[in-house]
Amino acid sequence: MESVVSIALAEAKAHLSQVLDRVEAGEELVITRRGKPVARVVPVRQPVVPLPSLAAFRAQFPKMRRSSTEMIRAIRDEGY
């Protein structure tokens, strides 16, 4: 289980940019006031974007003039 790091409110205010860097990197922080937890700062979950279909992905690329087999044979025959 992951440990949650506590940080005092004064320190969080003084170093907000570093606090956000840590949270953005995946860390969860609990902000305390006078030693008592008052807030939990967690990374925002990014929405899952579905991938396009393979056919749609392939359609983005121009048609090849030669097949991959022909290109590999030509490269091999050139000594690479």
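**Figure 1. Two salt bridges in the structure.** In this predicted model, the structure holds two salt bridges, and this view takes them in turn. Side chains of opposite charge can pair when their charged atoms come close. In one of the bridges, the side chain of Arg-22 meets that of Glu-27, with 2.7 Å from N to O. Both partners fall into the middle class of accessibility, since Arg-22 is partly exposed with a relative accessible area of 32%, while Glu-27 counts as partly exposed at 25%. Another salt bridge is formed by the side chains of Arg-76 and Asp-77, where the N to O distance is 3.4 Å. Here Arg-76 counts as exposed at 53% relative accessibility, and Asp-77 is likewise exposed, with a relative accessible area of 59%.

**Figure 2. The loop that carries Ala-25.** Ala-25 lies in the loop that runs between α2, residues 16-24, and β2, residues 29-33. With a relative accessible area of 70%, Ala-25 is classed as exposed, because a residue counts as exposed when this value is over 50%. Although Ala-25 and Pro-43 are 18 residues apart in sequence, their C-alpha atoms are 7.9 Å apart in space.

**Figure 3. The largest nonpolar core.** Seven residues make up the largest nonpolar core of the model, namely Ile-7, Ala-12, Val-19, Val-23, Leu-29, Ile-31 and Val-41. The elements that give two or more residues to this core are α2 and β2.

**Figure 4. Strand β2 and its two partner strands.** Four of the five residues of β2 are buried, so this strand is largely enclosed by the rest of the structure. Strand β1, residues 5-8, runs parallel to β2 and is joined to it by four bridges, and within this pairing Ala-8 stands opposite Thr-32 of β2. Strand β3, residues 36-41, pairs with β2 in the antiparallel sense over five bridges, and here Val-30 has Arg-40 of β3 as its bridge partner. The hairpin of β2 and β3 has two residues between the strands, and in this hairpin Arg-34 takes a positive phi near 55°. In a regular strand the side chains alternate between the two faces of the sheet.

**Figure 5. The surroundings of Thr-32.** Thr-32 lies in strand β2, and with a relative accessible area of 13% this residue is buried, because the class takes in values under 20%. When residues up to four places away in sequence are not counted, Thr-32 touches Ser-6, Ile-7, Ala-8 and Leu-9, and also Pro-37 and Val-38. Ala-8, named among these contacts, is also the residue that stands opposite Thr-32 in the pairing of strands.

**Figure 6. One aromatic pair.** The structure holds one aromatic pair. The pair is formed by Phe-57 and Phe-61 in an edge-to-face arrangement, with 5.1 Å from centre to centre and 75° between the planes. This arrangement is called edge-to-face because the angle of 75° is over 60 degrees. Phe-57 is partly exposed, with a relative accessible area of 41%, and Phe-61 also counts as partly exposed, at 47% relative accessibility.

Technical notes: Residues are numbered from 1 along each chain as its sequence is written. This is a predicted model: local features need pLDDT of at least 70, side-chain atom pairs count only at pLDDT 80 or more; totals for chains, interfaces and linings use all residues. Side-chain values use heavy atoms; hydrogens and water are left out. A salt bridge is a side-chain nitrogen of Lys or Arg within 4 Å of a carboxyl oxygen of Asp or Glu. Buried means under 20% relative accessible area, exposed over 50%, partly exposed in between (1.4 Å probe, protein chains only). A nonpolar core is a set of buried Ala, Val, Leu, Ile, Met, Phe, Trp, Tyr and Cys residues joined through side-chain atoms within 4.5 Å. Rings of Phe, Tyr and Trp (its six-membered ring) pair if their centres lie within 6.5 Å; planes under 30 degrees apart count as stacked, over 60 as edge-to-face and the rest as tilted. Two strands pair if DSSP finds at least two bridges between them. Contact means heavy atoms within 4.5 Å.
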